Amino acid sequence: MPRQYPHEVIKHMHTFRDRLIAWISAASVLLITLLFLWLVLDIFFKGFAGLHWSFLTSAPLNAGRAGGIAPVIVSTLLILGVCMLVCVPAGLATAIHLSEYTVRNPAAARLIRRSLDTLAGVPSIVFGLFGASVFCDLLGLGYSILSGGLTLACMVLPFMIRAGEESLRSVPQEYRLGASALGFSQYSVLTGILIPVAMPGLSIGLILGIGRALAETAALIFTSGYVLRMPESLLDSGRTLSVHIYDLAMNVSGGEANGYTSALVLIAILVMINTGARILTQRIVHEVHI
Amino acid sequence: MSLSLEHLQRLQTSPPAPLAPVMDTIIPKSTAHHDQSIAVNDVAVAYGGRTVIENINLSIRTRHITVLLGPSGCGKSSLLNCFNRMTDLIAHCSIRGSVLYRGEDIFQPDYDVRGLRKKIGMIFQRPNPFPFSIRRNIDLPLKEHGIANRDERRHILETVLQSVGLWPEVRDRLESPALQLSGGQQQRLCIARALALAPEVLLMDEPCSALDPMASSIIEELIIRLRGKYTIVLVTHNLFQAQRIADDVGLFWLREGRGSLVEFGDKEQIFSHSTHELTRSYINGICG
Ligand SMILES: Nc1ncnc2c1ncn2[C@@H]1O[C@H](COP(=O)(O)OP(=O)(O)O)[C@@H](O)[C@H]1O
Ligand SMILES: [Mg+2]
């Protein structure tokens with residue numbers, strides 16, 4: 001029957017397109033997984049040979065070609081600690097303000113949001129220059145872990161605020177109304193309902209923020225420097241793992257082996273921190289059932 | 001402490017207090033001050049300058065069911081939201097006139113709103129249990145209002161779940177997610193959650209309209225069982241529901257884009273003896 005012909009074709013096209021889409025998405029998943037595996041295995045095989053306990057606990061020798069990375073690990077954790085100590089409370093507070101307290105002034109909120117989005121897209125080297133002039137020079141903190149951590153905080157904050165705000169705003173309005181109608185104070189609505197319900201989103205924001213901070217090099221070279229000594233206080237200079245890897249790869253001939261091992265350590269730290277953050281938030285969200 | 005005792009007393013008073021209607025006839029309305037729970041005087045509600053309802057005068061009788069009836073969009077919810085000051089949460093919402101609860105103007109600047117909302121519970125159109133366990137849904141508001149004793153909370157939990165008929169259905173799974181319950185069960189949990197605070201008044205905004213007929217009739221029976229123990233103000237656009245459960249009825253209508261109260265009175269007057277033309281045609285199914 002000629003009349004059914006076009007219909008048949010469309011039907012056929014549908015199933016063909018459907019299959020094509022399924023095929024393409026499966027292929028890209030496979031591709032990405034393979035790339036990622038390759039990356040991890042590459043680092044693993046090139047870096048694992050150098051990974052001994054002493055590598056983690058001893059000081060570097062000969063500009064990092066030999067010895068370990070103990071001071072680098074300590075500096076990394078200190079800089080990340082300073083950054084998160086600022087980011088978590090300030091980020092959460094600002095996110096709460098933006099999502100809960102700007103109902104009556106949406107124009108201002110929109111302006112703040114747009115500024116934050118712009119800031120989040122500013123290249124990190126610009127934050128590095130800003131940090132160098134404000135924290136190092138103006139506030140007199142010099143090349144230090146404190147300057148580096150605060151600069152990283154400036155860089156990561158816009159991103160964490162927006163992530164936090166989005167997850168708070170995605171909590172359905174009916175929970176707020178329900179809790180308020182039961183006589184909850186605003187504080188209790190926040191701590192009892194909104195934050196627990198938004199916690200999965202908040203923790204993803206935190207984990208991605210930590211990832212950004214750990215990956216950063218450009219902003220830190222200007223602010224926390226690249227001294228290889230073990231830091232004695234937050235006002236000492238110190239280099240992070242990312243900076244160390246960069247330095248071994250670019251400036252130190254014969255440093256590749258230790259560079260790979262350091263990269264392996266960096267990945268391990270990232271995985272550990274993420275797992276820790278996830279366990280911590282899961283404990284808080286334990287009672288939430290979406 | 002006082003909360004749960006008061007609460008138990010209330011729940012243990014057996015079905016509809018037969019005294020209430022009798023008292024009505026003995027005591028003239030004007031002198032029976034506590035017979036009147038909420039008084040609405042010349043109230044108007046506007047959103048950002050657009051008045052959606054005005055000239056509202058009515059009084060809600062204690063421990064009766066007052067139904068606010070009318071087609072959608074005529075401002076029933078807006079009026080209901082005034083009674084526990086939920087209007088505070090709505091941006092650009094302004095109210096004129098006064099609402100008295102037990103003789104006190106609730107819109108005074110220093111009025112204790114949290115206390116008000118503890119005494120005036122609210123049930124929403126869409127069931128809104130928190131995404132926590134069934135137990136936590138009741139526990140959270142109790143903790144919020146200072147009941148620190150676990151045994152006491154457990155006791156209230158069982159009592160209120162019993163009183164909404166949910167206890168046999170959920171007693172074995174109090175720790176499971178409230179959102180796993182069916183819509184009707186969720187709505188009953190919300191009613192239990194409100195009852196846990198031992199309120200005097202329950203505001204219900206179309207509590208059945210998001211439910212299937214079966215669940216809806218269970219909720220309706222529950223509301224009828226609560227008559228005489230709580231003052232209930234129920235919003236509905238369902239004439240038949242109003243006829244089944246109302247003691248007093250307020251009929252709302254849209255006139256020139258604004259909601260207004262056409263007639264307010266007891267069930268008899270509105271459904272049988274109304275002289276108001278609009279009311280009569282609405283009741284006889286001619287309009288609406
Ligand atoms: N938050 C709000 N902002 C602006 N207008 C609103 C808001 N809530 C309700 N309205 C308007 O007020 C009128 C009455 O609404 P509502 O009180 O919900 O009526 P009903 O409950 O009788 O259906 C409607 O025209 C509606 O569009
Ligand atoms: Mg409504």
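Predicted model: local features only at pLDDT ≥ 70, side-chain atom pairs only at ≥ 80, totals over all residues.

Biologist: Where does Ser203(A) sit?

Modeller: Ser203(A) is in helix α8 of chain A.

Biologist: And how far is Ser203(A) from Ala163(A), in sequence and in space?

Modeller: They are 40 residues apart in sequence. In space, the C-alpha atoms of Ser203(A) and Ala163(A) are 9.4 Å apart.

Biologist: Staying with α8(A), at what angle do the axes of α3(A) and α8(A) cross?

Modeller: Roughly 140°. Helix α3 covers residues 70–100 of chain A, helix α8 covers residues 186–215, and their axes come within 10 Å.

Biologist: Why do you give me both an angle and a distance?

Modeller: Because two packed helices are described by the angle between their axes and the distance between the axes.

Biologist: Fine. Are α3(A) and α8(A) oblique or roughly antiparallel?

Modeller: Oblique. Roughly antiparallel needs an angle over 145 degrees, and the α3(A) and α8(A) axes cross at roughly 140°.

Biologist: Left-handed or right-handed crossing for α3(A) and α8(A)?

Modeller: The crossing of α3(A) and α8(A) is right-handed.

Biologist: Now α10(A) and α11(A). What does that crossing look like?

Modeller: The axes come within 9 Å and cross at roughly 160°. α10(A) and α11(A) are therefore roughly antiparallel to each other. Their crossing is left-handed.

Biologist: Which residues does α11(A) span, and where is Gly259(A)?

Modeller: Helix α11 of chain A runs over residues 256–285, and Gly259(A) is within it.

Biologist: Is Gly259(A) buried or exposed?

Modeller: Gly259(A) is buried, at 8% relative accessibility.

Biologist: Switching to charges. How many salt bridges over all chains?

Modeller: A search of the whole structure gives 21.

Biologist: Take Arg239(A) and Asp247(A). How far apart are the N and O?

Modeller: 3.1 Å, N to O, in a salt bridge between the two side chains.

Biologist: Buried or exposed, those two?

Modeller: Both fall under the 20% cut-off for buried. Arg239(A) has a relative accessible area of 5%. Asp247(A) has 14%.

Biologist: What about chain B? Which residue does Glu175(B) pair with?

Modeller: Arg135(B). The closest N and O atoms are 2.7 Å apart. This pair links distant parts of the chain, 40 residues apart. Glu175(B) is in the loop between α7 (167–170) and α8 (183–195) of chain B, while Arg135(B) is in helix α5 (residues 134–144) of chain B.

Biologist: How accessible is Arg135(B)?

Modeller: Arg135(B) is partly exposed, with a relative accessible area of 22%.

Biologist: Which residues are joined into one network by salt bridges that share partners?

Modeller: Arg113(A), Asp117(A), Arg162(A), Glu165(A), Glu166(A) and Arg169(A).

Biologist: Zoom in on Arg169(A) and Glu166(A). What is the closest N and O distance?

Modeller: 3.7 Å, in a salt bridge. Both residues lie in helix α6 (residues 145–169) of chain A. They are 3 residues apart, so about one helical turn separates them.

Biologist: And their accessibility?

Modeller: Arg169(A) is partly exposed at 40%. Glu166(A) is also partly exposed, at 38%.

Biologist: Backbone next. What is the phi of Ala63(A)?

Modeller: Positive, about 60°, although Ala63(A) is not a glycine. Ala63(A) sits in the loop between β1 (60–61) and β2 (66–67) of chain A. It is partly exposed, with a relative accessible area of 39%.

Biologist: And the phi of Arg85(B)?

Modeller: Also positive, about 55°, and Arg85(B) is not a glycine either. Arg85(B) is in the loop between α3 (76–83) and β4 (93–101) of chain B. Arg85(B) is buried, at 11% relative accessible area.

Biologist: Last one. Which residues make the nonpolar surface patch of about 710 Å²?

Modeller: Leu30(A), Leu34(A), Leu37(A), Leu41(A), Phe44(A), Phe45(A) and Phe48(A). One of them, Leu41(A), lies in helix α1 (residues 5–48) of chain A. Leu41(A) is partly exposed, with a relative accessible area of 39%.

Key
Residues numbered from 1 in each chain as written. Chains lettered and ligands numbered in written order. Heavy atoms only, no water. Patch = residues over 30% accessible without salt bridge, like charges linked within 9 Å, V, L, I, M, F, W, Y side chains within 5 Å. Areas by Shrake-Rupley, 256 points an atom, 1.4 Å probe, with all protein chains shown as cover. Salt bridge = Lys/Arg side-chain N within 4 Å of Asp/Glu carboxyl O. Helix = DSSP H or I, 4+ residues; strand = E, 2+ residues; numbered from the N terminus. Buried < 20%, exposed > 50% of the residue type's maximum accessible area, 1.4 Å probe, protein only. Axes fitted to C-alpha atoms, helices over the stretch in contact; angles between N-to-C directions. Parallel < 35°, antiparallel > 145°, perpendicular 65-115°, else oblique. Left-handed = near helix turned anticlockwise from the far one by under 90°.
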